[in-house]
Amino acid sequence: MIRTQLPLIITFFTGMLLIITFFIPHKPFGDLEQRFLIWYSIISGFTVLLGLDSLVRYHLTKLKREFNIHSLLLLFSLFLTLILGFYSWFRFKTPFALNSPFMYLYTYVIIPLQATMFALLAFFIASAAYRAFRARTFEATLLLIAATIVMLGRVPIGSYIWKGIAYIISGIFPKIPYEELAKKEVFALISDWIMNIPQNAAKRGIFIGTALGGIAMSIRIILGIERTYITK
Amino acid sequence: MKDIWIKLATIDRRIIYLLVFLVVALPMIFRMIMPIRVSNEVKMAFSEIDNLKPGSIVMISIDYDAASEPELQPMLIAILRHCFSKDIKVILLGQWALGLPLGEMALNQVAKEYNKKYGEDYVNLGYRPGYTALMVGIGKEIRDFFPTDYKGIPIDSFPFMRKVRNYQQIDILVGLEAGATGDAWVQFAGARFNQKIILGTTGVVAPDMFPYLQAKQIVGLIGGLQGAAEYETLVKKAGSAILGMPAQSFVHLLIIIFIIIGNIGYFILRRRK
Amino acid sequence: MYFLLFIFLCQFNYFEYIKGYDTPSDEGGSISLEWQIKEEFISQENPIKFFEIYRSEKQDTLFENVGFVLSQYNYYEDKGLKDNKEYYYQIWAIRERDTLKSEIIGPIIARPQWFNKNRLNVLVITIILFVVFLYYIEKARKGEKLFVRKISGLDAIDDAVGRATEMGRPILFSFGLGFITDVVTIAALSILSKIAKKAAEYGTRLIIPNYDPIVMTAAQETVKEAYLEAGRPDLYKEGDITYLTSDQFGYAAGCDGIIMREKPGAIFWQGYFFAESLILAETGHAVGAIQIAGTTAITQLPFFIAACDYTLIGEEMFAASCYLKPEPQMLGSLKGEDFLKAIILIILVISVGIATLSVLFKNIEPIYQFIKNIFTVL
Amino acid sequence: MILNIIGTWLAATLTLAIFSFLYKDNPFYKLAEHIYVGVSAGFWVIYVWSFDIKPMLIDRFMTATGIEKWILLIPAILGVLMLTRWFPKTAWISRIPLSFTIGIGAGLGVTASIQGFLIPQIGATLLPLTTINNILLVIGVISTIIYFYFSKEFKGAWKFFSRLGIIFIMVAFGASFGYTVMARISLLIGRIYFLLHNFLGIIP
């Protein structure tokens, strides 16, 4: 009973309080809100530690079953980071002094690993562009055309390509002077227009929908209708 | 004829990967430079900061980590250069824990260029967990969340920070965003406290921010590496964004060519069937 | 001497106006000041550097500097005061070469307010939203029939299963990197249920590699039940619904391997996806499978649309799931959202009409301004 | 100095180890990935200590006086209760602090989406139809909302608007597609710049 009811009551109480204090500035509501926000900030820090346990436990049991270099390396790098972090803290009063060993780890391990993981995606996109992005439907065709224009409009080479096109046009229609035509950065202009008008409109429409969905979710949580976070 | 298209369609991925690598590396090795056209959104952001008087306070939030460093770090450096050259004070903080040191690195580098001193011209507050609470809480009192800077020094020991209590003393908030924190700044700091906000975002996030721009919920938008290059152009100091744009250009071209070849092959093969 | 000078300076009016008042809609302890310096005292060669704010609890003495603002501002909020106490204020304009002082104003009293009037519009809308969502969730809970239109993607699902069967190839289904707590995974489960039933009818093999063990168990349950409903429990093979790995690119590489080996005729990407969506869809395309995607991940949708044959976009997934198997919470929220969307559409159409007309007929401009004010955040 | 050179070699090795995934899934990639998970988990612990527990709890506890000092125990206890999740028998206790944070998140979210998104975004769409761009913007928003309206069959004018809606949506997704491609390539440029500049020293 207490195991499911108490959390629901707390959620209802804090959720409602935060909504009420939004409208009522008078004491004690305004102060209580600020106090709760500070608490929230403190407690959120601890949530970060939650995942740590399952990570360590998972790899320890894996190691116990049979030796494997991956789990060992993971645990080693975890504890090395902790040791260097606390050492830097004692030595430099903060682990975040740029010349501390902790920041050394950040510069030469975290940055390359994190950045490179995401840099892989550039290759995947190129390969998918070649092998999978097809104008098989009207929708996909529209999408690819818009994407192409934006991709040309947002980089300097777009203006070079336009100059080339302008040269051809003024070659075919001598009445159109090349100089003037070349000055108009057509790809950039169209791409700016796409971003500011049609894409802006559609995004607004989509986000109004998702905002409503989000609010519905919050209301369900506050009123205790949605409770997956408890059973998790 | 058909055989060529079948062969082209079944080309090994790794050849494509190699092409991409070459197209990125070659323009960099040959140090190509291309002129940058400045878009309206970036111009708006630039002139907002440019119109500030000396002594104004800009708060910059580092809401990214190393995964988007190539896009957002040049923006940070260009904006810091702009602020310091105009004697604007900078308060730095971050909502993405793993990105905070990037802010410190940039501050260190740019402050030296302009002879700015820590505590007098800029401070680095650090990071706190739970960003939504913090964004609302700062509206009342910044000390409730940041009694000290990231080194643990009380912020009241810095002269200009003594006068900063909440958003009212912050002239512009610049959020450098790689995710949903930008929306939170707009919806909490912007809507509740009328904070003037400029967002600098990764390319992935930028299109989603245009509705805010049109609704005047933000006063400027710097999007992706191109946005960073535009800001660098405006502050008249080339950085890594301007250097990267030629490579960016050629890869865009390559990908567009890939899409075109792929589709031609697709339609020819489909017709044959 | 200083005192005399003080009085003397006060004789001049440098300020166009200066006013102070209790800050409205706040928790108390705060007074707002506004001022405007006269045009003739603003000059290029002796510019104002900043304004200093002085406060006292007595009318004529003991003024203390309590803060300053830069010259571009003409507003200051003095905080940290005691409620129901009298305060007096004076503003000093500090110029390059001299200082201009305003007259002393007061007494001003700070008070707390019970309601933030600036947020009346938010309150009204919050109440409307609570009422609408509660009403529809309750309705759905009672099992009332609520209409949801058919999503055209559902036909595509049938076709894809049929095509795979014709080709004699298996079907592959993936939840992506979603967990069971994600609403989109729940929606994907009911779509899976439909696919599984069709697959059982046709006797086509269904493979589901998983990222999360709990989602895997849920998938096994769903498929088993669907096979039973279709009357073919004998075809159900638990070994086809497996746990792969909880690592993003590892999962993508694993799926890649399965696709290349099994060459499925139809692939369903339904759930939450991150950057690995590209690798998955590309491989699926390479083996010539019909691919049907569905996700709420806005950043991945463009790639799915470009690489797949059909894509359920965001909320369409919830609608499809509600159409197939109404689950009260999801259905109630969906209908509530629809109701609110209808209201928003009506507001948009009417207000835009009024806005347009007010350009032509100036006398209806106040109505437009009134509507605009409702949708302005102060 | 020598440490920087070692560091650069380390960083380059890790970069190449991740890139090796492009050739195929291999042990080097796996190793680098596990190092990443380990180091970043360690980072989080240090962060929680030096940006949360120390400044927000310990330092405050030392300086605060009177009742304020003891009130700080509440969030401290709630935080520790969060860790009961580590032990299956007491795991349910962690729901108490969890429900506190979830309640606050939901409570803040409702008003923020209304005040910070719905109201200003709808307000910004109430434009007089005096320019083509205004007309397109208003029609774009309306038809997109109609596309995601599920309580009515698509027929007649409704069908027209939903078709229009999908056109706007596709242009928007195309724009996002272009920007996302741009972003991913920028990241690659950053990495290759590191390899060419910091590691190989080919470019200045």
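Tutor: Happy to! A word on the annotations first: UniProt positions are given here in the numbering used for this structure, and such annotations may be inferred rather than shown by experiment. Keep in mind, too, that this is a predicted model.

Let's start with chain D. An unreviewed UniProt entry marks residues 6–23, 35–50, 70–88, 100–119, 125–148 and 160–179 of chain D as "transmembrane region". Among these, residues 35–50 of chain D are 100% helix and 0% strand, with end C-alpha atoms 23 Å apart. Residues 125–148 of chain D are 71% helix and 0% strand, and their end C-alpha atoms lie 18 Å apart.

Now for the close look. Helix α7 (residues 181–193) of chain B meets helix α5 (residues 95–125) of chain D: their axes come within 8 Å and cross at roughly 85°. Angles of 65 to 115 degrees count as roughly perpendicular, so α7(B) and α5(D) are roughly perpendicular to each other. On the chain B side, the contact includes B:Val186, B:Phe188 and B:Arg192, while D:Ala112, D:Phe117 and D:Pro120 are among the residues from α5(D). Sorted by class, this contact has 6 nonpolar, 5 polar and 1 charged residues.

Chain B also touches chain A: 49 residues of chain A are in contact with 53 residues of chain B. On the chain A side, α4(A) gives the most, with 15 residues. That side of chain A has 29 nonpolar, 12 polar and 8 charged residues.

Definitions and conventions:
Residues numbered from 1 in each chain as written. Chains lettered and ligands numbered in written order. Predicted model: local features only at pLDDT ≥ 70, side-chain atom pairs only at ≥ 80, totals over all residues. Helix = DSSP H or I, 4+ residues; strand = E, 2+ residues; numbered from the N terminus. Contact = placed C-beta atoms within 7 Å. Nonpolar A, V, L, I, M, F, W, Y, C, P; charged D, E, K, R; others polar. Axes fitted to C-alpha atoms, helices over the stretch in contact; angles between N-to-C directions. Parallel < 35°, antiparallel > 145°, perpendicular 65-115°, else oblique.
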